[in-house]
Structures are given as C-alpha cells and as structure tokens.
Amino acid sequence: MANTDWRNQTSITNFILLGFGNVLELQILLFLVFLVIYIMTMSRNILIVVLVVADQHFHTPMYFFLGNLSCLETCYTSTILPRMLGSFLTGDRAIPFSGCITQYYSFVFLASTECYLLAAMSYDRCLAICKPLHYAALMNSRSCLWLTAESWISGFLSGIVSTLSMCQLIFCGPNEIDHFFCDFVPMMKLTCSDIHLMKVLASTLFLIFSLIPFLLTVTSYIYIILTILSIPSTTGRKKAFSTCSSHLIVVTLFYGTITVVYMFPATHRLKDLSKVFSDFFTVLTPMVNPLIYSLRNKEVKEAMRKALKKYITFQSSKIGVFLG
Ligand SMILES: *[C@@H]1O[C@H](CO)[C@@H](O)[C@H](O)[C@H]1NC(C)=O
C-alpha cells in the first residue's frame with residue numbers, strides 16, 4: 001500500500017553531492033590541493049605499471065601484483081577525483097542518477113578487488129618467506145594469473161550485486177548527498193524504500209568481500225611473523241622482514257582507512273572534520289602506495305632513476321638534433 005504511494009511520486013533524477021560546502025575561497029584552495037593529489041597519484045601509479053610491464057627485472061609475482069594494484073588505484077582515483085575537481089571549479093554539484101550509480105558501482109568493484117588483491121599479495125609474501133625453497137614452484141605464472149583473476153572477478157561480482165540492489169531502491173527526495181561521492185551510507189539515508197533487506201545484503205557482501213580477505217591477510221601475516229621470529233640471526237630476520245614491510249604498510253593503511261571511514265560513524269560535532277579526514281584517506285592511500293614501494297625498495301628506486309635518466313638523455317638528444 002505504502003509502496004504504491006511512493007511509486008506514484010516522481011522519483012528524483014539528479015543528486016546533489018554536497019562535498020565540502022560552498023565557500024568560494026575554499027573551493028579554489030581545495031581544487032588546487034586535489035589537483036596536485038590527482039596528478040601525483042596518476043603519474044606515480046602509471047609509472048609503476050609501465051616499469052612492471054616494460055622492465056624484465058620486474059617480471060616476478062610480487063611485481064605483477066603490484067602492477068595490478070597500481071592499475072587498480074589509477075582507476076579508483078579516477079572514479080572519484082575528476083568529478084570532484086570539476087565541481088570545485090564550476091560549482092555545479094549535481095550528478096545524474098545514472099552517474100551516481102556508475103560511481104557507486106566502480107567504487108564497490110575496485111574496493112572489493114583491492115581487498116582480495118592485498119590478500120593475494122600477502123599470500124605471495126607468506127610463501128616467499130615461509131616456504132622459500134618451494135616458492136618458485138608454488139607461485140608459478142598460473143597461480144599468479146589465477147589469484148589476480150579471482151580478485152578482479154570477486155570485485156566485479158560484489159559491484160554487480162550491490163549496484164543491482166541499489167537500483168531497486170526508490171529515491172523520492174530530498175536529493176542532497178552529504179558526501180563527496182556516491183557511497184553506500186549517505187545514499188541509504190536518502191531512500192524512501194525499506195532498507196532492512198538492503199542492510200542485511202550489505203552486511204553479507206561486506207563479510208564475503210572485505211572480512212574474508214582481511215582474515216586471509218591477517219593469517220598470512222601471522223605465519224610470516226612466526227617464521228621471522230624463528231630465524232636465529234638478526235640479519236636474517238631483518239632481511240626476511242624487509243621483503244614484506246612495504247606490503248605490510250600498504251595493508252595497514254588500507255584497512256586503517258576503511259576502519260576510520262566506516263566503523264566510526266561521524267558524530268554531529270565532528271562531522272565536517274570526519275568528512276575531510278575520510279576524504280583525505282580515501283584519496284591519499286592510492287597516492288602513497290607507489291611511494292611506499294619505491295622508497296622502501298632499492299630495485300624500484302633504481303629502475304625509476306634509470307628510466308628518468310633514459311628519458312632525459314632522449315630529450316636532450318632530441319634537442320641536440322634540433323639545435324645542430
Ligand atoms: C596483472 O597480473 C597478471 C597476472 O599475474 C599479469 O599478467 C599482468 O601483467 C598484471 N598487470 C600489470 C599491469 O602488472
């Protein structure tokens with residue numbers, strides 16, 4: 001009965017993403033800050049993908065996964081930031097319903113893929129440290145391919161299921177999303193359908209696509225830590241730890257972000273602060289991941305230096321030809 005009443009109302013076709021409010025000076029500042037973040041994230045991640053694909057030294061499982069992770073984060077940043085930059089610049093904060101759903105789908109798809117990819121990477125590190133003699137045989141190109149494919153497929157499934165169920169909901173206004181992109185919680189606040197079932201579904205999806213990979217990651221790290229502790233020499237321990245430290249930092253950052261953004265619901269007084277925080281965390285993680293890998297890793301640092309040198313020599317030889 002009530003259901004038909006809702007259907008009779010005109011459902012809304014546009015959402016307004018409130019973002020950070022409407023202060024003009026702030027918009028320009030935010031535009032510049034997020035533009036720099038966007039450029040840095042894209043260039044670093046694309047550089048990693050190019051290095052991993054082009055450089056023979058990086059044709060190992062760990063770097064294949066890293067390449068996939070960087071590829072994923074390029075897409076992830078691009079689903080959120082360009083639209084945000086546009087709205088800072090033009091002041092137009094409306095997003096059509098279809099745009100919102102697309103953004104939601106991409107976000108869920110990429111976030112779930114990242115959970116499983118991080119789990120695959122920790123399994124890879126676990127084998128490298130706990131079973132060094134069998135590592136090459138166990139982590140062959142087939143298992144690499146399988147683990148990456150499985151990550152992308154589970155992300156795809158998670159995205160499809162949650163988006164299709166989101167499409168079943170009716171939005172009859174208000175249409176102002178108090179967030180900077182179309183995310184689950186802010187959209188749930190706006191629907192006039194019964195969200196009981198949706199909540200159950202969302203919890204189930206969260207369990208399958210975030211909690212399970214998280215537990216797998218933790219299990220891998222428990223094995224890694226036990227193995228490292230059983231190494232008698234300090235140098236041996238340090239060496240073993242250094243092969244997984246970058247990944248451990250990336251994992252901690254990723255799940256730390258999820259916890260901060262989703263587990264602590266914003267209290268009213270701290271709402272704006274928490275919005276800024278969650279925004280920074282969501283867009284900063286993809287920016288710092290390649291940095292962590294390149295700073296803590298001699299091979300990556302060296303390859304980047306070489307690539308840069310090659311590029312500069314190439315450029316200057318072009319200038320040389322031009323001049324002489
Ligand atoms: C992603 O992983 C697959 C399978 O391991 C690999 O073939 C591919 O090159 C990787 N992609 C990148 C960009 O590293």
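1. Accessible surface. In this predicted model, the accessible surface of the protein comes to about 18,000 Å², and carbon and sulfur atoms account for 71% of that area. Of the 324 residues in the protein, 43% count as buried.

2. Overall build. The protein contains 12 helices and three strands, and its C-alpha trace spans about 70 × 60 × 40 Å along the principal axes. When contacts between residues at least 6 apart in sequence are considered, 80% of them join residues that are at least 24 apart.

3. The protein carries 23 positive and 16 negative charges, and the mean position of the positive charges lies 13 Å from the mean position of the negative ones. Side chains of opposite charge can pair when their charged atoms come close. A search of the whole structure for salt bridges finds two, and these are taken in turn in the next two points.

4. The salt bridge of R125 and D124. The side chains of R125 and D124 meet in a salt bridge with an N to O distance of 3.0 Å. Are these two partners buried or exposed? R125 has a relative accessible area of 7% and is therefore buried, the cut-off for that class being under 20%. D124 is likewise classed as buried, because its relative accessible area is 1%.

5. The salt bridge of R305 and E302. Here the side chains of R305 and E302 meet with an N to O distance of 2.9 Å. Both residues lie in helix α12, which covers residues 298–323, and they stand three residues apart, about one turn of the helix. R305 is partly exposed, with a relative accessible area of 47%, and E302 is also partly exposed, at 33%.

6. Aromatic pairs. The search of the whole structure finds 13 aromatic pairs. One of the pairs is formed by Y105 and F109, whose ring centres are 5.7 Å apart and whose planes are at 15°, so the pair is stacked. Y105 and F109 are four residues apart in helix α4, residues 97–130, and so are separated by about one helical turn. Y105 and F109 are both buried. Elsewhere in the list of ring contacts, Y76, F107, F180 and F181 are linked by ring pairs into a cluster.

7. C192 in its loop. Where does C192 lie? C192 is placed in the loop between α7 (184–188) and α8 (196–229). With a relative accessible area of 14%, C192 is buried. C192 and G173 are 19 residues apart in sequence, while the distance between them in space is 8.0 Å, C-alpha to C-alpha.

8. L164 in helix α6. L164 belongs to helix α6, which runs over residues 141–168. The relative accessible area of L164 is 51%, so this residue counts as exposed, given that the class begins over 50%. L164 and I101 are 63 residues apart in sequence, yet their C-alpha atoms are 9.3 Å apart in space.

Notes
Residues are numbered from 1 along each chain as its sequence is written. Side-chain values use heavy atoms; hydrogens and water are left out. Helices (H or I, at least four residues) and strands (E, at least two) are DSSP runs, numbered from the N terminus. Buried means under 20% relative accessible area, exposed over 50%, partly exposed in between (1.4 Å probe, protein chains only). Contact means heavy atoms within 4.5 Å. Accessible areas come from the Shrake-Rupley method with a 1.4 Å probe; for residues, only the protein chains shown count as cover. Lys and Arg count as positive and Asp and Glu as negative; His and the chain ends are not counted. The place of a charge is taken as NZ of Lys, CZ of Arg, CG of Asp or CD of Glu. A salt bridge is a side-chain nitrogen of Lys or Arg within 4 Å of a carboxyl oxygen of Asp or Glu. Rings of Phe, Tyr and Trp (its six-membered ring) pair if their centres lie within 6.5 Å; planes under 30 degrees apart count as stacked, over 60 as edge-to-face and the rest as tilted.
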